[in-house]
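Here are some notes for a colleague who is opening this structure for the first time. They cover the nonpolar cores and then the ligand site.

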Amino acid sequence: MTVRGISDAVRVPARARLWDSVDAVRISVIGCGYLGAVHAAAMAALGHDVVGVDVDAAKVESLSRGEAPFFEPGLDELLAAGLAAGKLRFATDFAAAAAAQVHFLAVGTPQLKGSRGADMSFVYAAVDALAPCLRPGVLVVGKSTVPVGTAAALAERIGPTGALLAWNPEFLREGFAVKDTLEPDRIVYGLPGVGADQARELLDAVYAKLPECPLIATDYATAELVKVAANSFLATKISFINAMAEVAEAVGADVTQLADAIGHDPRIGRRFLNAGVGFGGGCLPKDIRAFQARADELGVGRAVEFLDQVDAINLRRRERVVELVLETLGPEYQGHRVAVLGLAFKPESDDVRDSPALDVAVRLHGLGVDVVATDPHAIDNARRLHPQLAFVATAEEALAGAEVVVLVTEWAAYRGLDPAAAAKLVAVPVVIDGRNCLDVPAWRAAGWRYLGMGR
Ligand code: UDX
């Protein structure tokens, strides 16, 4: 066991453990989306015998061929290795999970339509479908992000089967999911009041081969809260710098230099202080909303009321980009051509859930602007949601004849565009850098009018 505690109180005990003699744990991972598919492949890479279960037959078929149904660097290789070693398989039938000792719940908890709260139906459906596989000695481990109190409710639900439940939140970032899973910066165990040692031994066996990292062993509620607190903090940090961008715009200050300057204070830190079009994705936006909904239910809504502001600041940044485009085009903006570079919510991902980039494209199109959008990996996902948009495969095609260029996802290919070559393609050399990621002097020197966010 190499997972190391941050204090003696949480250090893994040296005494012999139940699973010391067991190399491979039989694992099922329920839900094979961005989280579950990576977790399943990573657990197989650690030497465990893993079955991933998902109700989506197309997803299961693709994963069984060793092809991730979404873009995640390094995942195809990990899938192929697991499948070839006979350590990994995928199925649509929960019966495939019957032999597993540990069942990871990795289903989605998206925002409910018409509410800030999370849709918990997939979590409850998964636990109910697992019921025939549960018995004494088996551990169910929640990884999905859930409203605090869910683990206790689920433990009660599975109680009669004799199986135990632990909560083990996941902190992986899309685009770095493989690395984050195999080299986590911390591990959190939310353990049951009764059966904690047994649950912990199984979790220790699962993670035994990970490199050393801090381990925080705690109760269910703390483990659930750690995840939403972490995402709320990150969202707040981004909205803080975007609020400073709004102020900087009013006074002609430069928010990037401001971020550099305050970021040198180690108490603040420079990471997650990039002002721009704001945060999106399948986690941060819905997690801060679900947290507010849950806090309201618990009667502590005021404690996280500020997250409403965090959300509002974030959404204002998209409006600001749209405003800048319209200001640049002038009152007769309809029918004028705008190139939108980026659709994914961030680079190295094809995820367009709550993507600020896609939102900007959709809003401009809705206003009658002639939008031509591109992205290295997210076009198919964007087209599925918004078939009305015009998509092209490359930045060069998007730039052709554009009167304004809007960069909204900071893919390396866009950051690395040659401003002189790009200037030759467009009709008017105006660039709105929605991620403050371009080399401003170089773009200005090539004849571009450059507009950033808060600078
Ligand atoms: C996030 C958390 O980082 C991760 O720990 C958790 O498990 C899931 O949610 P992810 O959604 O993959 O991960 O993306 P992240 O890298 O956190 O970026 C979130 C959004 O914030 C992106 O839209 C990104 O563009 C934006 N962002 C990030 C900024 O606008 N500015 C920054 O400085 C950093």
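1. A nonpolar core here is a set of buried Ala, Val, Leu, Ile, Met, Phe, Trp, Tyr and Cys residues joined through side-chain atoms within 4.5 Å. Buried means under 20% relative accessible area (1.4 Å probe, protein chains only).

2. This is a predicted model, in which local features need pLDDT of at least 70 and side-chain atom pairs count only at pLDDT 80 or more, while totals for chains, interfaces and linings use all residues. Numbering starts from 1 along each chain as its sequence is written, and side-chain values use heavy atoms, without hydrogens and water.

3. The largest nonpolar core has 55 residues, and Val338, Leu341 and Val405 are among those with the most contacts inside it. Leaving aside residues up to four places away in sequence, Val405 touches Ala339, Leu341, Leu399, Val426, Val430, Val431, Ile432 and Trp448 (contact: heavy atoms within 4.5 Å). A second, separate core has 47 residues, including Cys32, Ala42, Ala68 and Ile187.

4. The ligand is surrounded by 20 residues, the closest being Phe171, Leu172, Glu174, Asn274 and Phe345 (a residue counts if one of its heavy atoms lies within 4 Å). This shell divides into 10 nonpolar, four polar and six charged residues, with Gly counted as polar and Pro as nonpolar.

5. One is 2.9 Å from a polar backbone atom of Phe171. For Gly280, a backbone N or O atom lies at 3.0 Å, and for Arg435 a side-chain N or O atom is at 3.2 Å. The ligand alone exposes 660 Å², of which the protein buries 92% (Shrake-Rupley method, 1.4 Å probe).

How values were computed
Buried means under 20% relative accessible area, exposed over 50%, partly exposed in between (1.4 Å probe, protein chains only). A polar contact is a pair of N or O atoms within 3.5 Å; within protein, one must be able to donate a hydrogen and the other to accept it, and residues adjacent in sequence count only if both atoms are side-chain atoms.
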